[in-house]
Structure formats: structure tokens, C-alpha cells
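Keep the view open as you read.

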Protein chains: 2
Amino acid sequence: MTTNTTFKLTELNEQSVQYIAVGAAVLGTGGGGDPHIGKLMAIEAIRKHGPVRLMSPDELKDDDLVVPLSMIGAPTVMNEKIPSIAQMTKPLDLIEKELGRKVTAIMPIEVGGGNSLVPVIAAAERGIPMLDADAMGRAFPESQMVTFYLDGLDCSPITMADERGNGVLLHAIDGVWEERLARAITIQMGGSASICDYPVTGAQVKQSAIAHTLTLAYEIGKTLYESKELKQNPIEALLKQLDGYALFHGKAVDIRRRTEGGFTRGEAVFEGTGEQKGRTMKLFFQNEFLLATEDGEVLAVTPDLISLLDQDTGMPITTENLKYGARVTAVGFPCDPKWRTAKGVEVAGPQYFGYDTPYIPIEQLAAKKGGDL
Amino acid sequence: MTTNTTFKLTELNEQSVQYIAVGAAVLGTGGGGDPHIGKLMAIEAIRKHGPVRLMSPDELKDDDLVVPLSMIGAPTVMNEKIPSIAQMTKPLDLIEKELGRKVTAIMPIEVGGGNSLVPVIAAAERGIPMLDADAMGRAFPESQMVTFYLDGLDCSPITMADERGNGVLLHAIDGVWEERLARAITIQMGGSASICDYPVTGAQVKQSAIAHTLTLAYEIGKTLYESKELKQNPIEALLKQLDGYALFHGKAVDIRRRTEGGFTRGEAVFEGTGEQKGRTMKLFFQNEFLLATEDGEVLAVTPDLISLLDQDTGMPITTENLKYGARVTAVGFPCDPKWRTAKGVEVAGPQYFGYDTPYIPIEQLAAKKGGDL
């Protein structure tokens, strides 16, 4: 999924952060941490230190050091246990100490949800740029689900911190071991923690990251905010902008959500509204929405993106904020081509999550059903 | 518990390791890892590199760096997943790198079980001395149960490794957080891991460690080995040597042992033999034997030491090697005075482990019962 314009955002200020928070919640497919909390923390940091420069990947020198910074854990926990500023800068301090050099830019590991914005806190505090790129082009629940892992880059050293002052440095042999160790630590740290992983060079960013995804999130947010003034349907505008598909219009009638294994897991059931009355959609999630079905038939499935939008405002709804009775439109978007490779589908496809379906690209599923709703 | 002689062991060779393995299994109160595996690995290392010098704490300069090295996890797992040499030296490498200086001596964190000997592997490999001291004077299941914690010393930095090549560095805010984080990591690492914690100075060792406990283990082993030649009863000789008490003579008739939460937990029931026919003893353990009762009455309780000895040979039996039908004598010894302070009892007394009894020193319990069996 790419933006259709050549515009590149160059600064993160209060307004761009507002837009990105909304766009990142769409790209976050329900997860990636609460965008509202990430936004408030980022705005607070910008008010204190001024706007943060947003650096384009092509500005990087090949041997520059770029470090992704994010929160790991269950979004349900992060809603209640807000990270501290010290907790956001500590993994950065630890990784700089371990690598013996300074970071050129901080990047979000995922453009989804709050994780698109929490790095801004550390960037503002330290006066270093944010990179306009991420390693998912969306949000995913597990830490090996990054393009850096698909491309065989080293995830270590990995650094973590909690809000109490505990710090961790991991040398994991691969991204799957990182996930096992970091997840277990996160659970002990109370269900959420800050983390730096996959420190990369400028050359590696150019080869492996997904570029300009913060600009993309900004543009999505701008579309949703401006559609009201322009008196256009926000969801239609968004689908047009992103080559997306409306999957279902419905009302949440059953939500089962549990915090387990360091994740927010569950499923939600929607009864059709309007022309779709009498139909039922099920949505399965592990932090992120991963599978949408109707009568056992797949509407969209990971690694393609599934998001829930408020039927009236088009504003995205996260897994942990979805409420009984919410009237929503489920939408789907094609994922970045890196996720459609054999390795991409193995790492983040439906079978990894235990869903008994092969990966079928959303365009094919939509064509089979006779196109969009 | 102190040795009654002024002899100090100065070298770890094949024979002293044989003796220490047996003595440490007595002091290990059933836990501390399998002494047989620790012994075999230590002997292998000594054959390859020659004897290891055993350093007395009073030889240390105040600013020397001493690092405890041990295995953490469930003894049942360590029986099957033998640590590698690289795994034993890696936490040492990581902690030297973090502290930016070389280690003067390695010490066992506990004199109990295999953990009294696994540091010999790294000491032999690196050509550095072992310290004749530990931080428990016995074995305990949790990592904050050390005299260093009682004395408020910093447990961090902590370093860990598994046999696959994963390495971890923790900055835990205190020993209880170390235990939470390190235990969770150990479980992910397959149930056992190597660890360095509480790096201490020579001055801190002199203030806080329990001195000459490897010499003590050596002397216990020597007593048990030599009693056969001397045609004396090994258990009687041992009790005399250590001011200990025989608690019960019996046969194991029920053993419930489960690996949970990174520990070997359970209880064993013994039916009396000989003069104690018709009586029943229960022994409760979490890696170590922690509580012995008869008809609900306490015979001995943590932090005092409870060990199981083979009735014929006097050889110690660990929790994970106790078998149905084993004929044993349960013995008890007074713990080091540091464990009898209010803080010591709070950290490693019966109520911490959830047993509904206050701590009563074994001398008082024995006096109440009219002395030894």
C-alpha cells in the first residue's frame, strides 16, 4: 500500500501528529497500541522541545545508525499503564552504550497505532530526527513480523525498559527467540514495556524498511479529518485513496477479549446493518484484526490489512476500544508486497496464527465476491 | 553451620571435586542442581586445564571484583539439558564487558548441589581462581535468597545465557525483580540457564558472603567417603561433625513432583522404618527441601537445612533423584546466623513459601522432642 501523491512530510508538529495518530490507527488494523495515548505523549514532548524533524530514508548515509523504538505488550494494558518519558529514552541509552555509537535517527518499528508516535517522545527529548519509514507498513502482534526479519537482518542487540527502572539487554540468536524472550519479560514487567530492536544501518533501511509510511499515515488522517469540511463520505474517500475494499457494514453484538500470553486476544461478532441486515461477520484478533469471515467464508486475512471504521465519522476503532453496539464498517487494504512473498506469508500469514485458511490476496477475494460492497 | 577444623582447602582437583560434590549435595538440601552433573563437568574441565586454585576470602583486596556464577532453573530440567562450556563462560564475558574490568575470582552463589561446582568450569577455562565462599551457606530456590540481598547489595548487572547462544543482560532494580525477570527468561530458555548476578567487591565479600563453605563441603564429603574405611556409621559421623539432628528414618512411599513456574515443586511421604514403624513424615520442597512434618508437627523448617541421606551409605539424595521405596534418614542442621535475623526469616522463612508455621530453630524443635532420635 503506497500513497498516491509525491508529497513528503518533513516535520512532526502538533497538527501532523494529530493526523498521523488517526492514519496510524487505520494502518494499525486495531493494534499497535492506543494511538490516543501515543498522540498525547508525542504532543506533550513537542510542546516541550519543539517540532521533530522527519527524515526521509533517502537522506540517510549508508553507515548511519537507525534504531526502531516501540512499546511491546497488550494494548489493553497500555491503556492503563502509561509509559514514562524515562522509560522511552532508556532503551535508546542502553543500545547506544552497547553499540558504542550515537543514533542518527529513531524509527517506528510499525506504523500502526500508538507505536507510530511513541518514538517521537524520545526523538524530541534527544533532539534527533524520526525516520519516515517503518518495518511493517501496518501493525503486527509479534516482534519477528518485520521486513528486517524477512530480509535476515540481526534483531540484536535488543534493549527494554519498564516504568520502574528495570532495564534489559538481549542478544537473541534470531527474531523468533527475541519474541519468546522479550514477550516473557514484558509479561513480568506488567504487560507492557518499551523496546529497541533491529538496530539497522542506513543501507539496511534503504534495502529493507517500508518508506514514507508516516507520510502515508498523515495523508490518511488528513483525508478523514477534511472529509467533513469537504462534505464527502470519509470511508469512500479513504477507500479511494488506498485502493481498499469495504468488507461489511454492521453492529458489534459480541466481543470476547482476553489478555493472555502478553497479547490482547479474542473475536468479535457483527450483525449486518442497512442493506446487510441478516448477515453476520466475525473478526478474529491478536492485538491486530487478523481474519474477517462471513459464514465461514474469508472476507480478508492477514497479512492484508483489516480495519474497523466508525460508520459515521470514518474514524478507526482499535481492538481494545471496540464496544458493544458500535456501528462500524470493516475495510480491507492490500499489504506491502514484501508480506506477499512465501517468507512473508509464512511469518505473518493466517496459518502462523492457527487459522485454517490459506492466504488469498484481498483483490482476489473481492473479485470472487463481485467486487466491493 | 561452620566447620570444626581450621583446615582450608586451597586447590580444586579431581579428588577434592569428588568430595565437594557429595558435601554440597548435603548442604544443597535436595536442590542446587544435580551435583553429579556439576561434578562430571568440573572434572572434565580440570583434566583439560589442570587444578583450579581455591582462594580464601581473606586473600581478596577490597576493590577486587568477584562474580558469582550458577545455573538457574528446575533441577529436573538440568538433569536432561546439560549446560555447555560456552554457556558457562558467556555470562562471565557479558558481565566483564558491561563492567569494563576483569574478574579476580569466580564464586558459587550457593554451596548446594551442582551449583557449588559449575563455576569451576568457567574458572578452569579462564585460568582464574574460585573463591572459597558462597552467598547462602546452603541452597535456596530463588535468586534473592542470598546474604548479598539481606545486606542490601546491588544484584545488577545480571547476565544470562542458554545453550543455543542467546545472551541476556539485566539491570534489575532489586533482587526480587531479578528473580521475576530471570525466572521468566529461564523458562523461555527451556527451564535452565546460566547466570551471573550480584557482582561484588572484595570488601563486600568479606562483609556479606559466607566464608569457607567449599572447604566445609569438602570435609562433609570426606567424612562420608572415609566412614566406610573407618567402619563408622556415616550418618552419625556427619551429625557429629555438623551439630545436626536425625529427624526421621523411613521409606519413600509417595512422591509428587512437578516442574512448574521454573521450579521443581512437590512433596514426599515417608513411612517409618525400624523403631519408627507406624509413623509418617511429610517433606515439602521447591527445588530444596523446605519443611519436614510429622502429623502436622514441624520437625525442621527453612531456613534451617533439611537433607535426605541414604540409610546405608549416608549419601545425600536430591529432590529430583528421590525414588519410590528409597530408605532414607532425614537430617537437619542449623542454618547460618544471617538467615535467623528478621530479614533472613522474611526472605527465606516458611511463610514466604506459603507454609502456615512460624520459623522455629531446629535446636528448639529438637529440644521439645527430647533431643535427637
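## The big picture of chain A

Chain A has 12 helices and 19 strands. Its radius of gyration is 19 Å, close to the 21 Å that the globule rule gives for 373 residues, so chain A is as compact as a globular protein of that length. Bear in mind that this is a predicted model.

Burial comes next: 58% of the 373 residues in chain A count as buried. Now take the contacts in chain A between residues at least 6 apart in sequence: 75% of them join residues at least 24 apart.

## A mostly covered helix

Zoom in on helix α5 of chain A, residues 118-126. How many of its 9 residues are buried? The count is 7, which leaves the helix mostly covered. The buried ones are V118(A), P119(A), V120(A), I121(A), A122(A), A123(A) and A124(A).

## A valine in chain B

Over in chain B, V22(B) sits in helix α1, residues 14-27. Is V22(B) buried or exposed? It counts as buried, because it has 23 C-beta neighbours inside 10 Å and the cut-off for buried is 20 or more.

What does V22(B) touch, leaving out residues up to four places away in sequence? Its contacts are I220(B), G221(B), L224(B), Y225(B), M315(B) and P316(B). As for G325(B), it is 303 residues from V22(B) along the chain, and their C-alpha atoms are separated by 22 Å.

Methods:
Residues are numbered from 1 along each chain as its sequence is written. Chains are lettered from A and ligands numbered from 1 in the order in which they are written. This is a predicted model: local features need pLDDT of at least 70, side-chain atom pairs count only at pLDDT 80 or more; totals for chains, interfaces and linings use all residues. A residue is buried if 20 or more other C-beta atoms lie within 10 Å of its own, exposed if 12 or fewer, and partly exposed in between; C-beta atoms are placed from the backbone. Helices (H or I, at least four residues) and strands (E, at least two) are DSSP runs, numbered from the N terminus. The radius of gyration is taken over C-alpha atoms; the globule rule is 2.2 Å times the number of residues to the power 0.38. Two residues are in contact if their C-beta atoms, placed from the backbone, lie within 7 Å.
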